[in-house]
Amino acid sequence: MRQVQKLGPSSIVKWVSSYFLESHSPSLKIRSWPTGFVHGAHNPRLYRTKRPVPAEELACAAESVSKIPVAVRKPAQAALSDYLHSTRGLQFLDADHISRNSPFFLGKLVKRIDVEGDAEGDVARLVSRFLRYHPINEFEPFFESMGLKPSEYAPFLPRDIMFLSDSDLLLENYHVLCNYGIERTKMGKIYRVAAEIFFHDRGVLMAKIRAYQKLGLSQDVMAKVILCSPYILTGDVNLDFFKVIEKLKVLGFELSWLKEQLSENGYYRWNGILEALLVLGKMAYTDEQLSRLISQHPGLLFEDSGSCMISLVGLLLKFGSTMDELHKMFLQFPHIKVEKFVSNLRQCFILFMEIDMEAEEIDRTIRSHILLLGSLTLKKANSLLTNLNVGKKRLCEIVKQNPQALKSWVIGLRVKPLANSVEAEIVQKTKFLLSLGFVEGSNDLKRALKLFRGKRGELQERFDCIVKSGLDRTDVCEMVRVSPQILSQTKDVLEMKIDILLNDLKYPLSSLVRFPAYLSFSIERVKTRIPMYNWLKNKGSVDPFLALSTIVACSDKAFVELYVNRHPDGIRVWQDLRKTIIHE
């Protein structure tokens, strides 16, 4: 963790850029881990990569069913069922299910038989006769009835057998799962990723299931677990699953709750879920807090088997977040999917990059507003720049000064152009001047507007700085009316010049009221003129009662001619003073 926190903002942004921008999915995969985190080795994949079913194949399957008239389809299904049951010896329920749930195969079968215009009885007779002399590969309709598409079951078709009765282990384990409560049409989901389950020796599959049931899982919960993570029935007992169940029981969860969190459309990795639990355990939650957190946000564990949450934690650690900050952040986590939260954060990061925000600002903004950024689905940078009618620099400044403004730029909301920044700033400056006593529309006000450098807030800050030095507000207002350019100095410069006047030059503060323009002259000029004047005064070469304005306001050339040259050593002392001040 210390290594992570030593990364500078630029390194963080570079890492996150590759982390986000190279990702084609909002669900991110963490690659590196800080010291102190348990990153369990994931089990090797137990299933082949799923090939997308071609659109034309799906269309063909749908067409094959829709084009078969009911008067043809029903007797054809009955004939196929009778063949599988009576001729091939399959159980009636198996034969009936296969015939009713293999439309693609049935469509191909009917096309091979000329049944146009035949009566219902003739259709059944024709199909039966065809099957009697043309044996079929029974694995095709069998796999299709399990919910597999032709492109999915093609790799599973045996090369040396074509009758289901020749694969007694397949049918036996199929019946074990059926009798346990798993729907026949969903068996393909299991076969797709863990076909070896169907080839366990007799009694092995049921023994494995009972071993898990001893954890206290009911049959319906266990059936859902098998459907969503069939690999736990392969190999040895899955210890990760055991540990997750035991941890959930310690946290007070009813195991029936588990069934509600598992989606039949997904697969779950229990080593990933266990890893997510371990990561949350590093955040110093009490069992009560962790239980409440998981109850409110089960997606922390179950979305992509915990990978989304772990990716989020890894990202925030890269930005320098502490475990205490993560602890507080998850307790306030919004009620949205973790995957969506990470995706929103990704979009915010890309926006910040595209408007040229500095690395330090990206780091600060994400760390301090993580919940806000993860809750907003923002429009893209180009869209915002166009709709707001601003440039990257101004948009960046708006985000830095007020990240809450992002709430108005989410997808679905209309984004209105911002007011012209120059015109808005002039209005604000005018209000400020009027508050100081300037007359609206007067030449003095127009002159002051031209001389001012800085935003309205900066001008107010500088004005307050002069007042706080000890002057009356009324006097400072008059000073600004006489010399408005004094507010073009930064607060730090104003404080420095006032300090030099009082402590180095030994002039009273009231001299500023008489000569406010002093604050607009450079420090170098003041630090050379006053000491030079004091030296000449001590030598008796100048009037000892010259005003501060007389000493500072004239040009260097006039000051040398009028005062410095009055003493023979004046030029040497003047040059030495200038060299000293410059070197300072």
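Does Tyr563 count as buried or exposed, and at what relative accessibility?

Analyst: Tyr563 counts as buried, because its relative accessibility is 11%. Buried means under 20% relative accessible area, exposed means over 50%, and partly exposed lies in between, with a 1.4 Å probe and protein chains only. The model is predicted: local features need pLDDT of at least 70, side-chain atom pairs count only at pLDDT 80 or more, and totals for chains, interfaces and linings use all residues. Numbering runs from 1 along each chain as its sequence is written, and side-chain values use heavy atoms, with hydrogens and water left out.

Now the ring partners. The structure holds 21 aromatic pairs. Rings of Phe, Tyr and Trp (its six-membered ring) pair if their centres lie within 6.5 Å; planes under 30 degrees apart are stacked, over 60 edge-to-face, and the rest tilted. Tyr563 pairs with Phe559: the ring centres are 5.6 Å apart and the planes stand at 55°, so this pair is tilted. Phe559 is buried too, at a relative accessible area of 1%. Another tilted pair is Phe333 with Phe341, at 4.6 Å centre to centre and 40° between the planes. Both of these residues are buried. Elsewhere, one aromatic cluster is formed by Phe139, Phe142, Phe143, Tyr153, Phe156, Tyr174, Tyr191, Phe198 and Phe199.

Rings also meet charges. A charge sits over a ring if NZ of Lys or CZ of Arg is within 6 Å of the ring centre and within 35 degrees of the ring normal. Arg88 lies over the face of Phe163, 3.9 Å from the ring centre. Lys189 places its charged end over the ring of Tyr267, 4.0 Å from the centre.

Leaving aside neighbours within four places in sequence, Asp94 is in contact (heavy atoms within 4.5 Å) with Tyr174, His175 and Arg184. The side chains of Asp94 and His175 are joined by a polar contact of 2.5 Å. Such a contact is a pair of N or O atoms within 3.5 Å; within protein, one must be able to donate a hydrogen and the other to accept it, and residues adjacent in sequence count only if both atoms are side-chain atoms. Asp94 counts as buried because its relative accessibility is 4%. Its place is in helix 5, residues 92-100.

Phe241 is another buried aromatic residue, at 0% relative accessibility. It belongs to helix 14, residues 239-250. Beyond four places in sequence, Phe241 touches Tyr212, Leu215, Leu217, Val225 and Trp270. Tyr212 is 29 residues away in sequence, and the two C-alpha atoms are 9.0 Å apart.

The setting is helical. The chain has 35 helices and 0 strands. Helices (H or I, at least four residues) and strands (E, at least two) are DSSP runs, numbered from the N terminus.

Two helices are worth checking for length. The expected span is 1.5 Å times one less than the number of residues. Helix 4, residues 70-87, has 18 residues and should span 26 Å; its end C-alpha atoms are 25 Å apart, which agrees. Its buried residues include Val72, Ala76, Leu80 and Leu84. Gly89 follows helix 4 with a positive phi, near 80°. Helix 32, residues 523-538, has 16 residues and should span 22 Å; the end C-alpha atoms are 23 Å apart, which also agrees. Among its buried residues are Val526, Ile530, Tyr533 and Leu536.

Most residues other than glycine have a negative phi. Asp304 has a positive phi of about 50° although it is not a glycine. Asp304 is in the loop between helix 18 (299-302) and helix 19 (307-318), and is partly exposed at 28% relative accessibility. Asp356, likewise not a glycine, has a positive phi of about 60°. Its loop runs between helix 21 (338-354) and helix 22 (359-368). Asp356 counts as exposed, at 53% relative accessibility.

Finally, the whole chain. Of its 584 residues, 48% count as buried. Residues 24 or more positions apart account for 73% of the contacts with a separation of 6 or more. The chain exposes about 29500 Å², with carbon and sulfur atoms supplying 51% of it. Those areas come from the Shrake-Rupley method with a 1.4 Å probe; for residues, only the protein chains shown count as cover.
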